[in-house]
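Open the model in your viewer and keep the sequence panel beside it. This tour goes from one selection to the next and says what is there.

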Amino acid sequence: MNTVTIPVIKVKKESDKAVFVQLKCSSDSNIDSVSVWLPKSQCFFTDDSVELPAWLAEKKAQEASNEYEAHAFFGELATA
(Lines give C-alpha, C1' and ligand atoms only; values in the text may rest on other atoms or scores of the structure.)
Protein backbone atom coordinates (compact mmCIF):
# COMPACT_ATOMS: atom_id res chain seq x y z
CA MET A 1 0.00 0.00 0.00
CA ASN A 2 1.35 3.43 -0.95
CA THR A 3 1.32 5.87 1.95
CA VAL A 4 1.87 9.58 2.41
CA THR A 5 3.21 11.33 5.52
CA ILE A 6 1.89 14.85 6.16
CA PRO A 7 2.94 17.29 8.93
CA VAL A 8 0.22 17.96 11.51
CA ILE A 9 -0.01 21.53 12.81
CA LYS A 10 -2.76 20.95 15.34
CA VAL A 11 -5.35 18.39 16.43
CA LYS A 12 -8.60 20.36 16.62
CA LYS A 13 -11.18 17.71 17.58
CA GLU A 14 -11.39 14.00 18.11
CA SER A 15 -14.17 11.43 18.12
CA ASP A 16 -14.15 7.67 18.62
CA LYS A 17 -13.61 7.05 14.90
CA ALA A 18 -11.95 10.17 13.48
CA VAL A 19 -9.61 13.08 14.16
CA PHE A 20 -10.10 16.65 12.88
CA VAL A 21 -6.60 17.95 12.18
CA GLN A 22 -4.97 21.01 10.67
CA LEU A 23 -2.41 19.78 8.15
CA LYS A 24 0.48 21.73 6.66
CA CYS A 25 0.23 22.00 2.88
CA SER A 26 3.17 21.68 0.53
CA SER A 27 5.14 24.82 -0.31
CA ASP A 28 3.84 24.83 -3.90
CA SER A 29 0.22 25.03 -2.74
CA ASN A 30 -1.89 28.20 -2.81
CA ILE A 31 -2.85 27.63 0.83
CA ASP A 32 -0.71 27.17 3.96
CA SER A 33 -2.85 24.61 5.77
CA VAL A 34 -6.09 22.69 5.58
CA SER A 35 -8.33 21.19 8.25
CA VAL A 36 -9.84 17.77 7.56
CA TRP A 37 -11.46 14.82 9.32
CA LEU A 38 -9.33 11.69 9.03
CA PRO A 39 -10.51 8.19 9.99
CA LYS A 40 -8.45 6.66 12.78
CA SER A 41 -8.76 3.24 11.18
CA GLN A 42 -6.89 4.39 8.05
CA CYS A 43 -4.22 6.59 9.63
CA PHE A 44 -1.16 6.31 11.83
CA PHE A 45 -0.60 9.41 13.97
CA THR A 46 2.64 10.58 15.60
CA ASP A 47 3.20 13.75 17.64
CA ASP A 48 3.80 15.90 14.57
CA SER A 49 2.61 13.96 11.51
CA VAL A 50 0.08 11.53 10.11
CA GLU A 51 0.69 8.65 7.73
CA LEU A 52 -2.27 7.76 5.53
CA PRO A 53 -2.97 5.84 2.32
CA ALA A 54 -2.12 7.77 -0.84
CA TRP A 55 -5.70 7.37 -2.15
CA LEU A 56 -7.08 9.00 1.03
CA ALA A 57 -4.55 11.83 0.86
CA GLU A 58 -5.57 12.47 -2.76
CA LYS A 59 -9.27 12.45 -1.84
CA LYS A 60 -8.74 14.91 1.04
CA ALA A 61 -6.56 17.15 -1.16
CA GLN A 62 -9.32 17.28 -3.79
CA GLU A 63 -11.95 18.11 -1.15
CA ALA A 64 -9.72 20.87 0.27
CA SER A 65 -9.07 22.25 -3.21
CA ASN A 66 -12.79 22.41 -3.94
CA GLU A 67 -13.43 24.13 -0.60
CA TYR A 68 -10.61 26.63 -1.20
CA GLU A 69 -11.97 27.47 -4.66
CA ALA A 70 -15.46 27.95 -3.22
CA HIS A 71 -14.15 30.28 -0.47
CA ALA A 72 -12.12 32.26 -3.02
CA PHE A 73 -15.16 32.54 -5.30
CA PHE A 74 -17.50 33.70 -2.55
CA GLY A 75 -14.82 36.03 -1.20
CA GLU A 76 -14.62 37.68 -4.63
CA LEU A 77 -18.39 38.10 -4.65
CA ALA A 78 -18.32 39.71 -1.21
CA THR A 79 -15.75 42.30 -2.29
CA ALA A 80 -17.39 43.07 -5.65
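Select E14. Is E14 buried or exposed? At 55% relative accessibility, E14 counts as exposed, because the cut-off for that class is over 50%. Bear in mind that this is a predicted model. E14 sits in strand β1, which covers residues 3-14.

Now show what surrounds E14. Leaving out residues up to four places away in sequence, E14 touches V19 and K40. The side chains of E14 and K40 make a polar contact of 2.8 Å. Along the chain, E14 and K40 are 26 residues apart. Their C-alpha atoms are separated by 9.5 Å.

**Next stop: Q22**

Select Q22, in strand β2. Q22 is buried, with a relative accessible area of 18%. That value falls in the buried class because the class takes in anything under 20%.

What does Q22 touch, not counting residues up to four places away in sequence? The list is V8, I9, K10, K12, S33, V34 and S35. Pick out S33 from that list. A polar contact of 2.9 Å joins the side chains of Q22 and S33. Then pick out S35, in β3, which stands opposite Q22.

**Widen to the strand pair**

Colour β2 and β3. How many bridges join β2 to β3? There are seven, and the two strands run antiparallel.

Stay on β3 and show its side chains. In a regular strand, side chains alternate between the two faces of the sheet. On β3, the covered face holds V34, V36 and L38. The uncovered face holds S33, S35, W37 and P39.

**The aromatic pair**

Show the aromatic rings. How many aromatic pairs does a search of the whole structure find? The search finds one. Select F20 and W37: their ring centres are 5.1 Å apart and their planes meet at 35°, so the pair is tilted. F20 lies in strand β2 (residues 18-24) and W37 in strand β3 (residues 33-39). The pair therefore ties together parts that are 17 residues apart in sequence.

Keep W37 selected. W37 counts as partly exposed, at 37% relative accessibility.

**Across to the helix**

Select K60, in helix α1, which covers residues 54-79. Is K60 buried or exposed? K60 counts as buried, at 17% relative accessibility. Show the contacts of K60, leaving aside its neighbours within four places in sequence. They are V36, W37 and L38. Two of these names are on the covered face of β3, V36 and L38. W37 is on the uncovered face.

**Zoom out**

The protein chain has one helix and five strands. Read along the sequence, the pattern is β-β-β-β-β-α.

Colour by accessibility. Buried residues make up 28% of the 80 residues in the chain. Switch to the surface view. The accessible surface comes to about 5,900 Å². Carbon and sulfur atoms account for 52% of that surface.

Definitions and conventions. Residues numbered from 1 in each chain as written. Predicted model: local features only at pLDDT ≥ 70, side-chain atom pairs only at ≥ 80, totals over all residues. Heavy atoms only, no water. Helix = DSSP H or I, 4+ residues; strand = E, 2+ residues; numbered from the N terminus. Buried < 20%, exposed > 50% of the residue type's maximum accessible area, 1.4 Å probe, protein only. Contact = heavy atoms within 4.5 Å. Polar contact = N/O pair within 3.5 Å; in protein donor to acceptor, adjacent residues only side chain to side chain. Phe/Tyr/Trp six-rings, centres within 6.5 Å; stacked < 30°, edge-to-face > 60°. Areas by Shrake-Rupley, 256 points an atom, 1.4 Å probe, with all protein chains shown as cover. Pairing = 2+ DSSP bridges.
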